[in-house]
Amino acid sequence: MEKKRRRFIQRTIILFVLAMAIIYTVYTNLMKDERKIAQVGETAPDFMLEDMDGNMIRLSDYRGKGVFLNFWGTFCKPCEEEMPYIDRQYQIYKDQGVEVIAVNVGETDLAIETFAKRLSLSIPIVVDRKGEVQEAYGIFPLPATFLIDSNGKIIHYFDREMDEQTVKDFMERIKP
Amino acid sequence: MKEIKCECGHVNPNGTVLCESCGKVLDEKQQQPILDMRYEGTARRSQTYKRTIIDKIWNFFSSVKVGVALIIITLIVSALGTIFPQEKHLSLTVPAEIYYKERYGWFGKVYYALGFHDLYGSLWYELLIASIGVSLVICSLDRAIPLYRALKKQKPKKHVSFLKRQRLFAETDLHDADEKDTFNLLKERLVNKRYRIMEDGENLLAEKGRFSRWGPYVNHIGLIIVLIGVMLRSVPGFYVDEWMMIKEGETKTIPGTDKQYYLTNHQFLIETYDENDNEAYKEALENQGAIVKNYQSNVTLYKASESLPGEEPKLTKLKDYEIRVNEPLTFDGFSIYQMTYKNELKSMTFGLMEKDTNEIFGQVTIDLDGPKRIYDLGNGYQVEILSYFPDFEFSNGEPSTKSGDPNNPAFAFKMITPDKRDGELSFTSIQQTIEPFGENKYKMVFQGADTVYYSGLTVRKNETLWILALGGTIFLIGVIQGSFWYHRRIWVKVVDNRFYIAGHTNKNWFGFQKEIDEIVDGTGLPFLIDQSKKSREKVNEG
C-alpha cells in the first residue's frame with residue numbers, strides 16, 4: 001500500500017508539472033495579441049514627457065491626485081469629438097484633485113497647436129515623439145484613456161470614444 | 001492487489017508476464033511457442049491501477065496506441081492547414097471570416113469555423129502538440145524505468161521453459177566429462193566476442209550491447225528538450241522578434257531591449273551594379289536595368305542609462321556598424337538585420353509667386369516633421385502656415401489627415417505681401433490649389449521636395465537555439481545508439497547432462513545467428529535453430 005501511495009504521489013507531481021508547463025505556454029501564446037502591459041490593477045508605468053511649453057511632466061509627481069490619462073492624435077476623429085468634453089470637465093474637476101494628461105502620439109508642434117487652438121483646449125498636452133510611452137502602455141487603437149487613482153494604480157482602461165457623461169463619471173471615480 | 005508468486009519463489013508484481021527472476025511464463029494466455037520479450041515481460045504501465053482520475057489520465061497517455069494516434073492526427077491536421085493560405089500570410093482588407101467564405105465557398109466557411117485559418121496558433125492545435133509531449137514523457141517513463149530495473153536485476157539462472165521458447169534455441173545430451181570442457185570453451189569464445197558473462201552454477205548469461213536498448217529513450221529525451229526549447233520562447237527574455245523603422249539622422253530605442261540600447265541611423269544606402277564591376281554584367285544590366293548590389297544602414301549602437309519612457313537617457317557609444325543584408329549588428333544576444341527601407345518626403349519647397357508676372361518673392365522650405373508657423377521672406381513678404389495636414393484627405397467636405405505620416409502633405413497658407421497686408425489664403429496640396437476666398441494675386445508654387453530614407457530593421461534574439469541544438473544532438477545520439485548497436489543475450493543451462501542454449505537479440509537476427517554459429521562451431525554443440533521459421537513452417541504444414 002505504501003508503494004501504491006508513492007506511485008500516486010509521483011504521478012500526480014509529474015502530471016501537475018506537465019499541466020503547468022502546457023497551461024503557461026498556451027496561455028502566453030494566446031495572449032500574445034492582447035494588451036499585456038499597463039493592465040487594470042497594476043501601477044501605471046511612470047513616464048516623463050515634455051509639454052507644449054517645454055516643461056517636463058512626470059506621472060509620478062501626481063501621486064495623491066487622480067490622473068485622467070488620454071492618448072490622442074489630431075488625425076483621430078473620435079479624439080476630436082471627446083477633447084472638448086475632457087476640457088470642460090477638467091475645468092470643473094481640476095480644483096478637486098483631478099489632473100488630465102493628454103498624450104499626443106508624436107505629431108508636429110504645428111499640427112498640435114493648430115488643433116488645440118481650433119478646439120480652444122486648455123488641458124495639459126504632452127507629446128510622445130518617440131512612441132515610448134505608447135509602447136509602455138500598449139496603445140492601439142486611439143483614443144485610449146486610463147484612469148489612475150491617487151495611489152498611482154490603473155483602475156480603468158477605455159479604448160472607445162467617450163461622451164461627456166462618461167468623462168464626468170470617470171473623473172468622479174478618480175477624485176481623491 | 002494480488003501479487004504473483006513464481007514456482008522459483010520470486011514474488012512478481014501484478015501484471016507481470018514473465019517471472020522477473022527465472023523467466024517462467026506467468027500469464028497463462030501467453031502460450032505462443034516463442035516468448036514476447038518486449039519490455040522483458042515486466043508489469044509495465046500497471047494497467048491494474050485504475051482507481052483514481054490521476055491513474056486514468058496516466059494510463060491514457062501511457063498507451064503507445066494513443067501516442068501514435070496523436071501523431072497521426074497532428075500530421076493530418078497540419079496538412080489540412082496548408083490547403084488554403086493561413087490568415088497571417090494574407091493582407092486582408094475584409095474580415096477573415098468573409099474572405100474565406102467568398103473566396104473558397106462553403107468549404108472555406110467550414111475551414112474558418114474550425115480555426116484552420118490560424119491553425120498553428122490555435123488553441124486546439126497547441127493542445128494537440130502538448131498532448132504529444134505528455135504522451136512522450138509518460139510512455140517513456142512507464143517503459144524505460146521497468147525495463148531498466150528488469151535488465152539490471154536479471155539472473156543467469158532461467159527456467160528451462162524460458163530457454164526453450166526463445167527464438168534461437170538448441171539442446172543436446174552431453175557426457176559428464178565433455179560437459180565442463182564444452183561449457184568453458186563456450187565461455188571463452190563468448191568473452192572473445194566481447195560478451196559480458198554472468199554465471200550461477202551451471203547457468204550462464206552472456207550479454208552485450210545492452211546500451212542499445214536506451215536508444216529510443218535517449219531519443220525521446222532529445223525530443224522533450226526540443227519541446228522545452230519551443231516552450232521557452234514564450235518566457236520573457238528568451239525570444240525577441242521585433243521590428244523598427246528608423247529615419248536617417250534619428251536616434252531611437254531598440255525595441256525589445258527595455259530602453260537599454262539605442263540606435264542612430266546615420267545613413268541608408270542602396271548600391272547597384274554597374275559595368276565597372278564586371279564586363280560580364282553588361283548584358284544583364286542592359287536587359288534588367290538597375291540591379292541592387294547592397295542595402296546598407298550605417299548605424300551607431302549606444303548603451304543607455306536607465307530612463308523612464310519618454311525620458312532622454314544618457315547614451316554611451318558602444319560601436320559603429322554597417323548593417324547589410326545577412327550581416328547583422330550583434331550585441332548581448334540580439335541581432336539587428338537589414339530588412340527593408342522606405343523613402344519619405346522630408347521637406348517641401350514652395351515659392352511665393354505673383355501670378356501675373358511669374359515673379360518669385362522668396363522661397364519657403366518646410367520641414368515636414370517640424371514645420372514653423374511663420375516664414376519671413378523679408379521686404380514685407382511673409383508666409384504663415386495656418387494648418388498642416390501631413391496625410392491629407394477630404395472627409396465630409398473638410399480637410400483632414402489620415403495619419404501623422406507625411407504621405408500626402410497639404411497646407412493652408414496665409415500669404416502676406418506689401419500690397420495685400422491682410423494676407424491671401426491658399427490651400428495647397430500636391431494635386432491642387434484651392435483659393436477659398438476668391439481669386440488671389442499671389443500663389444505658392446511647388447518648387448521641389450527632399451526625401452529621407454527609413455531603414456526597416458528587425459531585432460531578433462533567440463536564447464532557445466542552443467537548447468534546440470542540444471535536443472537535436474541528443475535525439476541523434478539516441479538514433480545512433482539504437483541503430484548501430486544490438487542488445488544480444490545468450491543463455492546456457494545444463495540440467496542432468498542435458499545442455500540447453502538459447503539466444504535473443506532486439507534486432508538483426510541474421511547477424512546474431514551468424515555470430516552464434518561461429519561461437520558454437522566446433523564445440524560439439526548443435527547449431528541454434530531459428531524457431532520462428534520452424535513454427536511458421538509448422539503453421540504452413542498444418
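## Salt bridges

Across all chains of this predicted model, the count of salt bridges comes to 32. One of them joins the side chains of Arg58(A) and Asp46(A), with an N to O distance of 3.0 Å. This pair links distant parts of the chain, 12 residues apart: Arg58(A) belongs to strand E2 (residues 56–58) of chain A, and Asp46(A) to the loop between helix H1 (2–30) and strand E1 (48–51). Arg58(A) counts as partly exposed, at 32% relative accessibility, whereas Asp46(A), at 17%, counts as buried.

A further salt bridge in chain A brings together the side chains of Asp109(A) and Arg129(A), at 2.7 Å from N to O. Asp109(A) sits in helix H3 (residues 109–118) and Arg129(A) in the loop between strand E5 (125–127) and helix H4 (132–137) of chain A, so this pair ties together parts that are 20 residues apart in sequence. Asp109(A) has a relative accessible area of 36% and is partly exposed. Chain A also holds a network of salt bridges that links Lys77(A), Glu80(A) and Arg118(A).

In chain B, Glu327(B) forms a salt bridge with Arg324(B), and the closest N and O atoms are 3.0 Å apart. Glu327(B) counts as partly exposed at 34% relative accessibility, and Arg324(B) likewise counts as partly exposed, at 24%.

## Overall form of chain A

Chain A has 5 helices and 7 strands, and along the sequence these follow the pattern α-β-β-β-α-β-α-β-α-β-β-α. The radius of gyration of chain A is 22 Å, well over the 16 Å given by the globule rule for 176 residues, so chain A is more spread out than a compact globule. Taken along the principal axes, the C-alpha atoms of chain A fill a box of roughly 80 × 30 × 30 Å.

Of the 176 residues in chain A, 47% are buried. Among the contacts in chain A with a separation of 6 or more, 69% are between residues 24 or more positions apart.

## Nonpolar surface patch of chain B

A nonpolar patch on the surface is formed by Val64(B), Val68(B), Ile72(B), Ile76(B), Leu80(B), Ile83(B), Trp106(B), Phe107(B), Val110(B) and Leu114(B), with about 900 Å² of accessible area together. Helix H2 (64–80) and helix H3 (96–113) of chain B each supply at least two residues of this patch. H2(B) gives the most, with 5 residues; Ile76(B) is placed in that helix.

## Two buried polar residues of chain B

Ser455(B) lies in strand E21 (residues 442–462) of chain B and is buried, with a relative accessible area of 0%. The side chain of Ser455(B) makes polar contacts with the side chain of Asn265(B) at 3.1 Å and with the side chain of Ser297(B) at 2.7 Å. Beyond its neighbours within four places in sequence, Ser455(B) is in contact with residues including Met244(B), Met245(B), Ile246(B), Phe268(B), Gln338(B), Thr340(B) and Tyr341(B).

Thr505(B), in strand E23 (residues 498–505) of chain B, is buried with a relative accessible area of 1%. The side chain of Thr505(B) reaches two backbone oxygens: that of His487(B) at 3.4 Å and that of Lys507(B) at 2.9 Å. Leaving aside neighbours within four places in sequence, the contacts of Thr505(B) are Tyr486(B), His487(B), Arg488(B) and Phe512(B).

Methods
Residues numbered from 1 in each chain as written. Chains lettered and ligands numbered in written order. Predicted model: local features only at pLDDT ≥ 70, side-chain atom pairs only at ≥ 80, totals over all residues. Heavy atoms only, no water. Patch = residues over 30% accessible without salt bridge, like charges linked within 9 Å, V, L, I, M, F, W, Y side chains within 5 Å. Areas by Shrake-Rupley, 256 points an atom, 1.4 Å probe, with all protein chains shown as cover. Salt bridge = Lys/Arg side-chain N within 4 Å of Asp/Glu carboxyl O. Helix = DSSP H or I, 4+ residues; strand = E, 2+ residues; numbered from the N terminus. Rg over C-alpha atoms; globule rule 2.2 N^0.38 Å. Buried < 20%, exposed > 50% of the residue type's maximum accessible area, 1.4 Å probe, protein only. Contact = heavy atoms within 4.5 Å. Polar contact = N/O pair within 3.5 Å; in protein donor to acceptor, adjacent residues only side chain to side chain.
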